Amino acid sequence: MVEIVVSIAAKVSEYLVDPVVRQLGYLFNYRANIEDLSQKVLKLKDDRDRQQHSVDEAIRNGHKIEHDVCKWLTRADGFIQDACDFLEFEKEARKSCFNGLCPNLKSRYRLSRAARKRAGIAVQIHGDSQFERVSYRPPLLEIRSAPSEALPSRLMALNEVMDALREENINRIGVWGLGGVGKSTLVKHVGDQAAQEKLFDMVVTASVLQTPDFKIIQGQVADKLDMKFEEESEQGRASRLYHRIKEEKTILVVLDDLWAEVDLEKLGIPSPDDHKGCKLLLTSRNKDVLANQMGTQKDFRVEHLQEDEAWILFKNRAVVDSIENLDLESIAVDIAKEWAGLPLAIVTLAKALKNKSLFIWKDALQQLKTQTSINISGMETKVYSSLKLSYDYLEGDEVKSLFLLCGLFSNYIHLRDLLKYGVGLWLFQGTNTLEEATNRIDALVENLKTSNLLLETGCDGVARMHDVVRITARKIASKEHHVFTLQRTTVREEGWPRMDELKKITWASLNDCDIHELTEGLVCPNLEFFGCFPNNNLYVKILDSFFEGMKRLKVLDFTRLQLTSLPSSFCCLKNLGTLCLDECKLGDIVMIAELKKLKILSLMYSDIEELPREIAELTHLRLLDLKGSSKLKVIPTDVISGLARLENLCLENSFTQWEMEGKSNACLAELNHLTLLTSLDIQIPDAKLLPKDMVFENLDRYKILVGDTWMREAYFDTNRILKLNKFDTSLHLVDGISKLLKRTRSTLA
């Protein structure tokens, strides 16, 4: 019974007494509840500020903030604002009651109850702030920038590479081209396109550069894969990266700017053979690096821009408003042409000339036309430095010297000219014959082509150099080897270097210049090469003393000059090894016989009518080139046979007045005395002139035409040609001709 009474009393207390006490407590604990709320708001503010600091730091580090953290901050900010407004209201309410001296019990009750409730919410919000982490590192996205110009050649190249990526059996693709031509830009857009089309689950890119740092490369790839390395060693990082890449079902790995073979295993990139879903896209300036060293299956060359594309790029980057007047536009068009379609140079120049005055544009055009060192903002650091890397990376002094020699040419580079110059300058060490030197040149030129420092022309034996590369070559030659060049300008005495600089010059070349006089007093004791190429066939006054200060000269090329006689100082050139008087109007050249060390003599397309008998005194002569000298009618007997060391004789479209032995003109039998002859180009008007004992067994290269009516082709695709026109088959073929027929690749009877 007692227990029942107690139970009933407890229930009565629970439902009647406790609520009354609790309600009265709001009145009695009014100040305590207000103060408690105030303290909890302050504590929550501190907590909110601490979380905000973490958020700000994460944002500065490029992290994304967790969604629940953002929601908590929003909730906390809202509550704090509400609580502060409430406390301010309570303060004002207290003032209205004479600071509590005449309290409004009803108001106190409501405020105390509200404060107690808010304090509980503050505790709850504070408790919800214990986050495992505030932020996370998002996966890195490529910075995508669509090209401002839809250039047809670049769109075509992009589509070609994309088509190769779609081929199932193609997993190693190469992109190659000259430095600054746009390889990196192209593969960047390829990566973007591949990502947009979802050809791969992941596309990652890394720059290799000329001195690869494997840790940096691994880091670039890891960033794209949103992974961090715990391993310190290169090998450990490679293993971690290798397994991470293999987790991707399909992945495109773009390695940009390769200069040599890269060990993929050492880097941590699975080869496509190990990971069928992995494809490689590689770029290099050197095709050999891609095709032979990295084993690419398809290679795409990025060519320079077409003329109209170059203009579009230049105009857009220089800003249309800057070139809207007609005078400036015509100059701008010429400037765009001069850069020959190299995007890096075009963009750099456009930025430098943007909003500049007309006279600055004119000066820039003049610098470009003369192909001198161009003093324009950005050219040194961006364009020249980029192309010089290709030069620096060439292996060996020979290929570097040949590259600089090619830089002296203004347009097309004939490999035969390189032979003449190179032999005269002693560039090719270890070569004892012209045939060996020719093979060396072919190999070096091929090296320069694969490095994109020389370009194809479609013609055998002819190469060319991009204008910007030529400017770079001349700049290097000037700085490192004291080479002096002038182009497309008028040569005046004041245009030559100072006397102290002249003494250092090793090579000098005057290309397409307006030249009226070669002045005296040029003291160049170290000069080994001198080339003079006027822009038309002019009479150039050469003072008799001109060569007195050039006694070390090894190569002299006078082209398109009128030389009624040679200057008396010509005899000072005792070390001259190569003399070229091509396309010259020649008078008395007997003095050439005094050049006892001469190895190369070229009189191509000259108007010479009779070869001086004294030429036979050039006993060291190895090459005699009379190609195109159609007026040549007389070669005295015994001149050819006297040139016992001759290895190369070219009479293409030249001398045909062969006679029988015992006459005053040269006979074919003299060729039998040239036991070292390996290259021969002649026309024999009558087969009866061939001696029966004619021997041609040492010839490696030959173009021999037998017959009186021939139209010579300008281009041959073989070095062994024998053509017989209206040949009398009743005549017994001489032994030499019979043997040549067996080795000839092109014959016509």
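The model is predicted, so local features need pLDDT of at least 70 and side-chain atom pairs count only at pLDDT 80 or more, while totals for chains, interfaces and linings use all residues. Residues are numbered from 1 along each chain as its sequence is written, and side-chain values use heavy atoms, with hydrogens and water left out.

Asp 257 belongs to strand E5 (residues 251–258), and its phi is positive, at about 70 degrees, although the residue is not a glycine. Most residues other than glycine have a negative phi. A positive phi, near 55 degrees, also occurs at Asp 226, which is found in the loop between helix H7 (214–224) and helix H8 (234–246). With 34% relative accessibility, Asp 226 counts as partly exposed.

The protein contains 22 helices and 26 strands, taken as DSSP runs numbered from the N terminus (H or I, at least four residues, for helices; E, at least two, for strands). Of its 749 residues, 49% count as buried. Contacts are defined by heavy atoms within 4.5 Å; of those with a separation of 6 or more, 63% involve residues 24 or more positions apart. The accessible surface comes to about 37000 Å², and carbon and sulfur atoms contribute 50% of it (Shrake-Rupley method, 1.4 Å probe; for residues, only the protein chains shown count as cover).

Strand E12 (residues 507–513) is largely enclosed by the rest of the structure, because six of its seven residues are buried. Strands are treated as paired if DSSP finds at least two bridges between them. E12 runs parallel to strand E11 (residues 483–487), with five bridges, and parallel to strand E14 (residues 529–534), with six bridges. Asn 511 in E12 stands opposite Gln 487, and its bridge partner in E14 is Phe 533.

Val 204 lies in strand E4 (residues 202–207) and, at 1% relative accessibility, counts as buried. Beyond neighbours within four places in sequence, Val 204 is in contact with Val 221, Lys 224, Leu 225, Ile 251, Leu 252, Val 253 and Val 254. The C-alpha atoms of Val 204 and Ala 222 are 8.7 Å apart, at 18 residues of sequence separation.

Twelve aromatic pairs are present (ring centres of Phe, Tyr and Trp, the last by its six-membered ring, within 6.5 Å; planes under 30 degrees apart are stacked, over 60 edge-to-face, and the rest tilted). Trp 72 and Phe 131 form an edge-to-face pair, because their ring centres are 6.1 Å apart and their planes stand at 85 degrees. This pair links distant parts of the chain, 59 residues apart: Trp 72 is in helix H3 (residues 67–96), and Phe 131 is in the loop between helix H4 (105–127) and strand E2 (135–136). Trp 72 is buried, at 5% relative accessibility. One aromatic cluster consists of Phe 530, Phe 546, Phe 547, Phe 558 and Phe 570.

Charges also sit over rings (NZ of Lys or CZ of Arg within 6 Å of the ring centre and within 35 degrees of the ring normal). Lys 266 lies over the face of Phe 214, at 5.4 Å from the ring centre, and Lys 400 lies over that of Tyr 391, at 5.4 Å from the ring centre.

The search for disulfides across the whole structure gives zero (cysteine sulfur atoms within 2.5 Å). Cys 532 is buried at 0% relative accessibility, and Cys 667 is buried at 9%.

Conventions: Buried < 20%, exposed > 50% of the residue type's maximum accessible area, 1.4 Å probe, protein only.
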